[in-house]
Amino acid sequence: MSAHDTPSVRRHQDRLAAEGIDVVRVTYPDLIGTDRARDVLLDHLPSACEHGLAFCRAVYHTTPRGDVVAIQGGIDAGLPDISVRPDLSTLARVPWEPGVAWCLGDTTDPATGGPAAESPRELLRSVLARCTDAGLSPVVGPELEYFLLEEDATAPNGWRRSPTVTGSVYTAGLRADPDNHLLRTLRQLRDLGIGVITGNHEFDGGQYEINLTHSDALDAADRAFRFKAAVKELARKEGKLATFMAKPCNDSGGSGFHLHFSCVDADGRNVFHDPAGAFGLSGNARHAIAGLLTHAPALAALLNPTVNSYKRFGPDTLAPWLINWGLDNRSAMVRIPPERGSGARLELRLGDAGANPYLAIAALTAAALLGVQEGKEPPAPLEGYGYDLEKSQVLPMNLTAALDALEADAALIELLGKDFTASFLAYKRDEAERFQRHVTDWEFAEYSYHL
């Protein structure tokens with residue numbers, strides 16, 4: 001019996017009512033990972049589960065500025081609906097909103113009865129199904145950084161980092177966080193039940209990192225998606241802004257989205273460990289590394305998906321902009337942490353925090369699977385500090401180049417799906433073109449007086 005069967009829905013409804021819940025917030029990710037949602041009164045939950053909630057499909061194609069990008073099946077089709085059904089297996093009480101429970105939703109296309117082509121969650125499911133066919137079950141541990149900002153009328157964009165203290169990387173407590181933002185956030189996220197484990201102040205003033213436990217890839221993506229939405233909500237309650245954009249300030253570094261990745265077999269054994277293999281890694285692990293290196297230019301489009309993403313790249317940033325791998329080397333794009341046995345894994349350090357968790361994990365998984373299927377060995381691991389153009393190939397250094405690389409990667413597109421990739425490329429090329437036409441403050445300051 002599924003969670004959408006009437007008796008099961010009624011049991012959830014009765015349990016929620018007994019807990020004082022009268023609203024269920026049904027949320028799903030759009031193409032850029034923004035949470036789209038509708039609040040459903042508890043009395044209407046059975047109807048929402050049976051019939052779904054209607055949303056305009058163009059929400060997938062709506063930019064952060066509110067414009068709708070012309071993508072096939074959107075404006076040209078008369079702005080049709082998608083249907084969103086609550087996934088009651090993901091229900092969680094919202095600690096900071098009394099009477100509210102939160103669950104994810106799955107989207108379908110009413111015209112076909114199948115999944116919506118643009119659904120990031122369904123895309124990840126489809127890639128994971130291909131892994132299952134290959135006898136592999138991916139396990140992912142997400143690491144996300146973000147900046148906390150507070151309003152400042154004297155700042156150029158109206159916001160400043162909160163606080164601006166520097167030199168406090170890997171610290172906790174009032175020295176770098178005088179308002180105790182991190183402690184409050186950690187405790188609320190713990191009560192939300194999304195598997196947070198640790199948190200600390202990061203390298204730059206107002207920058208924080210909160211780590212999530214590892215789990216199967218879909219659950220990890222669900223939790224990372226909810227984590228980002230929750231952190232932004234909690235900051236709003238404090239009258240502040242939490243942003244996961246790659247590089248929000250000129251006078252600071254950027255925020256990463258590092259993904260720890262391994263695979264287990266049907267018996268739950270880590271298949272990346274092999275004490276007899278090179279570097280203590282199995283053939284599957286080495287092939288996965290080779291796959292990430294081979295498809296890295298295309299991966300950049302999904303893990304560094306904004307114009308702003310590429311302002312995070314550059315020497316001495318610890319943001320990988322060269323295609324390489326290394327053993328416990330944080331200057332490499334793919335780092336192999338020192339643990340072996342059940343802890344054997346790779347860490348893809350390419351992504352920035354602005355990436356959609358579902359698309360980032362789907363892209364990582366697809367590239368690793370292609371590597372396993374191709375059976376190639378990676379080159380020798382990087383030694384020493386990695387930012388050396390003589391040692392490694394350069395990643396795409398702007399969004400347009402990354403989109404071109406994705407469009408040219410036929411093998412990756414086959415795994416991700418042609419319909420999804422076409423929608424993503426059209427949406428993101430619109431972003432790049434709009435930025436190209438926009439006159440920035442930097443351009444005016446640089447040229448207006450002297451030219």
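**Ground rules.** I number residues from 1 along each chain as its sequence is written, and I use heavy atoms for side-chain values, leaving out hydrogens and water. Since the model is predicted, I take local features at pLDDT of at least 70 and side-chain atom pairs only at pLDDT 80 or more, while totals for chains, interfaces and linings use all residues.

I looked up strands β1 (residues 23–29) and β2 (residues 35–41). Helices (H or I, at least four residues) and strands (E, at least two) are DSSP runs, numbered from the N terminus. Two strands count as paired if DSSP finds at least two bridges between them. β1 and β2 pair in the antiparallel sense, over seven bridges. I picked out R25, and its bridge partner in β2 is D39. Five residues stand between the two strands of this hairpin, and G33 takes a positive phi near 90°.

I found R93 in strand β4 (residues 81–93). R93 is partly exposed, at a relative accessible area of 43%. On this scale buried is under 20% relative accessible area, exposed is over 50%, and partly exposed is in between (1.4 Å probe, protein chains only). I then listed what R93 touches, a contact being heavy atoms within 4.5 Å. Leaving aside residues up to four places away in sequence, R93 touches I21, V100, A101 and L192. I also checked R93 against R121, 28 residues along the chain, and their C-alpha atoms are separated by 21 Å.

I counted a salt bridge where a side-chain nitrogen of Lys or Arg is within 4 Å of a carboxyl oxygen of Asp or Glu. The count by this rule is 31.

- E150 and R160 form a salt bridge at 2.6 Å, N to O. E150 is in strand β6 (residues 137–151) and R160 in strand β7 (residues 159–161), so the pair ties together parts 10 residues apart in sequence. R160 is partly exposed, at 33% relative accessible area.
- R345 forms a salt bridge with E339, with the closest N and O atoms 3.2 Å apart. R345 is partly exposed at 21%, and E339 is partly exposed at 38%.
- E431 and K428 form a salt bridge at 2.6 Å, N to O. Both lie in helix α11 (residues 418–437), three residues apart, about one turn of the helix. I noted E431 and K428 as buried.
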